[in-house]
Amino acid sequence: MLSNFGFFKTSLQPVSANRLAAAGAIILIAFGLLALAAPMLTRMHLLHAPDQQDEQGLDTDGLPHPAGGAYLFGTDHLGRDVLSRVIYGARVSLSVGIAAMLTATVIGVAVGLLAGFYGGKLDLVLMRFTEMNMTVPAILLAIAFAGLLDISGRTIHLHPAWLPWHFLEFTLKRGAVSVFLIVGFVCWPGMVRVIRAQVLALKEREFVLAARSLGASDSRIILRSILPNLLPTVIVLAVMSTANTILLEAGLGYLGIGVPPPAPTWGSMISEGQPYFITYPHLVIVPGLAIVLTVLAFNLLGQGLQEIVDPKQRR
Amino acid sequence: MTMSESLLEVKALKVHFPVNVGLFARPTEFVRAVDDVSFTIAPGETVGLVGESGCGKTTLGRAVIRLIEPTGGQILFDGMDLVPLKGAALRAQRRKFQMIFQDPFASLNPRAKVENIIGEALDIHRLVLNATARRQRVESLLQDVGLEAAHAQRYPHEFSGGQRQRIGIARALAVQPKLIVCDEPVSALDVSVQAQIVNLLRDLQQEHGMAYLFVAHDLAVVRHISRRILVMYLGRIVESGEARSVCQSPRHPYTQALISAVPVVDPKLKRRRMVLAGDVPSPIHPPAGCPFHPRCPVAEARCKTEVPALREVESGHWVSCHLAK
């Protein structure tokens, strides 16, 4: 029962008891620790720098090393250590994916909350806008956004042209920030329906009526009564949507419009390794596996959390 | 009772819900949940409101304290009409009237500590100056309703139904209201706990002097606590008067049927049980004439055409029935 599960009072015990959630959490913790520790490992000479072109990185014929030799995952066509690039790539992918998830969650929760709580015309407008966004495939929308930006940067005006509000202007270059914003702005519609449905159910509960009868304002009811009860749903949705944002980030990287080189990203590693796939499959398989594992881990954790929050859904 | 004496005076209150809400079509049919209801409550008085499920008593209780938007009529509280009030002006008035809800498992925020559930009322109306005063006030309110100060740090799911209802009562008391609408406050509780809660409500009333509008379908409970009783059928008040007068000499056939349905303790006592035929008619298309006539055992021809007005058959005892004497 939802009301008997306090996210903050209960420990992480249910997560360790749920096998799905535990498996996902372990993979993510391992990836996260590696990603965090990467610069330190490099300083300790345990890991190559991701853009270091070693003298031994290519063999005497100038060809990459395959996996399993002196380099665990081999080297790429420029003689860079693939293991190192995958680990440094995790820094980019995880941070961009999580930042994008946060962006999408903030927008998705805000839209779903307003639509569900106020209903009526606002609901109609917001939901049609959401559905409009859902009809365009996320990757196409992201490409369109990314196409607006280039390496040199573009100034974005958030004010009408005839008002001199320069504080609402900022320059956005293609980089980690622009990519997470783009992915975040593309991924929010999926959350809205679930949040809205939950809000519709919550606002009819008697404790919301009780808050209203005490004289609570709408904002107080939303913040104190609705949002805390929405939290389990939001957490599950956020974790599940991180799988999408990471996949989308990798997709943009593969298409060459993600975080620009020389920063290693899993998507760009796949596209760089693609021409050599037949002779050096490790160039594609290693970053590919990294993406698959991460996405799988977020999905496992999300599904596990869902079961913890709502045991009736267990299959 | 004169006008100036009343705390709450409801005049011709109507709550109609549209049935077919479309994007373009205007609603053409309405559920007349509350239709042309008038009554008064004096300061410190307990008025019982009875009727079967679906007769509109919960809607009436909620509309009176503006939790449901009335379609028409007036709600004079201390002489001030609540119906036109909106936004902050209405929220400021809410301090004066509170509600105790039917389901103690649904009416407390599952993610808030008891201290914050009760304290929220104090915060909204700025009734305490600082956190220490807030904690002290919450703890004394908990003791007022028979709980312990230490309970403030717990969450609602750690309590039983009766204890939760006490928390709900403490929350309503926190703002020192003049009127509390009790919406079936004991119907979700065990019989043994019901009496405790009813007695607690009566003790609190003696101490603080607020008025109750006590909504229930259980006439025995209502008779126990109320000074006056309103009987509702299909969105209208069909009989009202002193509790004893209504219970001992009910004039309306519907009230007579209700009272004959109250179980008596003595098994040897033989009673004439009056069983009504049929179901409650749809409040979308209420019957013409007296709304009770299709089920009334004594209906005459004019009951099908003429709507009976409330008339005083005895001092303070009002009935809307053509045949009542």
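Modeller: In this predicted model, Val231(B) touches Val50(B) and Gly51(B), and also Ile237(B), Val238(B), Glu239(B), Ser240(B), Val246(B), His252(B), Tyr254(B), Thr255(B) and Leu258(B), when residues up to four places away in sequence are left out of the count. Val231(B) also belongs to the largest nonpolar core, which has 156 residues, and together with Leu179(B), Val181(B), Leu213(B) and Phe214(B) it is among those that touch the most other members. The largest share of this core, 15 residues, is supplied by helix α9 of chain A, residues 218-254.

Turning to where the chains meet, the contact draws 22 residues from chain B and 19 residues from chain A. On the side of chain B that touches chain A, β6 (97-100) and α3 (114-124) of chain B are the elements that give two or more residues, and α3(B) gives the most, with three residues. By class, that side of chain B has 10 nonpolar, five polar and seven charged residues.

Within chain A, the axes of helix α3 (residues 82-118) and helix α7 (residues 189-203) come within 8 Å and cross at roughly 40 degrees, which makes α3(A) oblique to α7(A). The crossing of these two helices, α3(A) and α7(A), is right-handed. Among the residues that make the contact are Ala104(A), Gly108(A) and Phe117(A) of α3(A), and Met191(A), Ile195(A) and Lys203(A) of α7(A). The residues in this contact of α3(A) with α7(A) comprise 11 nonpolar, four polar and two charged.

Conventions. Residues are numbered from 1 along each chain as its sequence is written. Chains are lettered from A and ligands numbered from 1 in the order in which they are written. This is a predicted model: local features need pLDDT of at least 70, side-chain atom pairs count only at pLDDT 80 or more; totals for chains, interfaces and linings use all residues. Two residues are in contact if their C-beta atoms, placed from the backbone, lie within 7 Å. Helices (H or I, at least four residues) and strands (E, at least two) are DSSP runs, numbered from the N terminus. Ala, Val, Leu, Ile, Met, Phe, Trp, Tyr, Cys and Pro count as nonpolar, Asp, Glu, Lys and Arg as charged, and the others, Gly among them, as polar. A nonpolar core is a set of buried Ala, Val, Leu, Ile, Met, Phe, Trp, Tyr and Cys residues joined through C-beta atoms within 7 Å. A residue is buried if 20 or more other C-beta atoms lie within 10 Å of its own, exposed if 12 or fewer, and partly exposed in between; C-beta atoms are placed from the backbone. Axes are lines fitted to C-alpha atoms, for helices over the stretch in contact, and angles run from 0 to 180 degrees between N-to-C directions. Angles under 35 degrees count as roughly parallel, over 145 as roughly antiparallel, 65 to 115 as roughly perpendicular and the rest as oblique. A crossing is left-handed if the near helix is turned anticlockwise from the far one by less than a right angle, and right-handed if clockwise.
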